[in-house]
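Student: Hi! I'm new to this one, could you walk me through it?
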Amino acid sequence: MKRNELTHRLMDDDTRSRAEIAAALATYMYVITRVNAPDGATVAQIIDSVDSGEDRVKRAAAYLAFRAAALKHRREMMGLRLCLQSRLMNGVLSGARAAVFAQGEHVYVAYRGTDDLEWTDNGMGMFERSTRLQRLAVMYFDVAVQRLGLDESCLITVCGHSKGGNKAQFVMLDSDSAGLIDSCWSFDGQGFSPEAIEYYKDKLGKEYRRRRARMFSVCGENDYVNPLGNRIIPASKTYYLETPRATLESFLSNHIVENLWVKGEEGFTGSLNTESGCGDLCRFSGRLSRSIMALPVDERQNVAMTVTRIIENMDGERVSGNDRSSGDAVRALISAIPGALMSLFLSVEGRRLAVGYADIFTKSKKRDDSDEGFWRRAAKRLKNAALHVLLTLASIILAVPTAAVWIYSALRRKFSRKRNRDI
């Protein structure tokens with residue numbers, strides 16, 4: 001058994017097949033506008049059209065991963081017919097970034113991941129009961145049910161990657177037609193605010209548990225987005241995959257959809273990577289998220305909106321009109337610092353990450369121990385041991401200011417509540 005036994009779960013053949021088909025359609029959503037296929041086209045026709053054309057999309061990693069999976073699952077996928085593309089719809093639904101794939105009784109509703117100007121909506125999902133794009137995803141699904149005449153005879157799957165996975169989960173929670181859904185597949189999709197979860201627990205009652213039982217989460221071992229917010233997908237339905245092409249040096253690569261797929265010397269194979277455990281970066285992100293989600297809602301809002309602004313800039317997307325003031329940013333940092341420092345220095349995964357990045361910053365050569373001599377291996381281990389000692393000392397030194405910041409924040413909240421009561 002590998003490290004992280006509790007999160008190392010294996011899919012049976014049927015679960016893996018279903019996951020690969022859903023993941024392929026979620027992957028296609030990243031190139032849907034570049035492929036520009038018309039409603040009514042089958043997957044086979046889409047692939048033939050792209051392969052025979054000169055457009056660069058046929059060299060895009062997302063398309064190649066989708067194509068390989070379609071060829072592997074030829075019987076289940078090649079006849080799927082693309083329809084009801086939101087980009088071709090009029091009105092507000094054009095922004096849903098969704099599409100339906102249908103063949104016989106099998107129907108897949110796929111949502112795209114975060115696009116330009118959507119990170120603000122992601123941040124709002126950490127402190128609001130629902131967001132505009134989540135509600136739009138539900139509206140799209142309900143319209144699809146009505147226009148396509150979907151009923152109990154259909155085997156309906158909702159799926160998506162990242163923000164798309166979060167939308168698929170929300171459809172399961174909020175849609176009045178969610179009872180028709182056979183399964184929900186969220187790939188690297190984030191969770192929800194405490195307020196949202198409490199609301200749907202009260203609203204749905206016992207139905208809340210039944211809907212969760214039809215939800216699956218598949219994540220890269222070091223994906224840092226899926227731990228954000230509070231999870232609703234059961235741990236027993238959560239799988240982690242090895243992502244050998246995602247590295248610490250290229251931080252954002254740990255959340256790219258194509259890294260979920262096996263890529264050999266001749267290209268993508270159409271199979272998802274081998275199951276693994278939850279990696280250090282994923283665990284660190286989860287610890288940090290839990291510390292933020294435990295904050296009062298006003299402080300959580302400042303932190304979430306400040307962090308999403310930072311991610312927008314890191315991700316290279318167009319930045320939204322997020323009008324957070326510098327004061328909000330300072331207050332957000334004050335709220336987040338204690339949890340961030342404790343997650344980094346006082347947790348095993350945080351220390352491993354720090355050591356890993358220290359290796360990168362010192363430009364250490366990455367070699368397999370078997371290729372090195374005894375003294376080189378001994379020197380590397382001594383260096384890592386020294387880094388751990390330094391991190392321990394740093395954590396002790398930082399414990400005092402961390403505690404001071406935490407006490408300051410607690411006192412500020414206490415006196416703020418007292419003033420509100422006096423008023």
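Student: How much accessible surface does the protein have, and what share belongs to carbon and sulfur atoms?
Tutor: This is a predicted model, and the computed accessible surface of the protein is about 20500 Å². Carbon and sulfur atoms hold 55% of that surface.
Student: And how many of its residues count as buried, in percent?
Tutor: Of 423 residues in the protein, 50% count as buried.
Student: New topic: how many helices and strands are there?
Tutor: The protein has 15 helices and 10 strands.
Student: What order do the strands of the open sheet have?
Tutor: The open sheet of 8 strands goes β1-β2-β3-β4-β5-β6-β7-β10, and its pairing is mixed.
Student: Why is one side of β1 and of β10 left without a neighbour in the sheet?
Tutor: β1 (81-83) and β10 are at the edges and each has a single partner strand, so one side of each has no neighbour in the sheet.
Student: How do β4 and β5 run, and how many bridges join them?
Tutor: Strand β4 (residues 155-161) and strand β5 (residues 181-187) run parallel, joined by 6 bridges. If you look at I156, you'll find I181 of β5 opposite.
Student: Which strands does helix α8 lie across?
Tutor: Helix α8 (residues 163-174) lies across β3 (106-111), β4, β5 and β6 (215-220). Relative to β4, helix α8 runs at about 145 degrees.
Student: Which side chain does S276 make a polar contact with?
Tutor: The side chain of E221, with a polar contact of 3.0 Å between the side chains of S276 and E221.

Methods. Residues are numbered from 1 along each chain as its sequence is written. This is a predicted model: local features need pLDDT of at least 70, side-chain atom pairs count only at pLDDT 80 or more; totals for chains, interfaces and linings use all residues. Side-chain values use heavy atoms; hydrogens and water are left out. A polar contact is a pair of N or O atoms within 3.5 Å; within protein, one must be able to donate a hydrogen and the other to accept it, and residues adjacent in sequence count only if both atoms are side-chain atoms. Two strands pair if DSSP finds at least two bridges between them. Helices (H or I, at least four residues) and strands (E, at least two) are DSSP runs, numbered from the N terminus. Contact means heavy atoms within 4.5 Å. Axes are lines fitted to C-alpha atoms, for helices over the stretch in contact, and angles run from 0 to 180 degrees between N-to-C directions. Buried means under 20% relative accessible area, exposed over 50%, partly exposed in between (1.4 Å probe, protein chains only). Accessible areas come from the Shrake-Rupley method with a 1.4 Å probe; for residues, only the protein chains shown count as cover.
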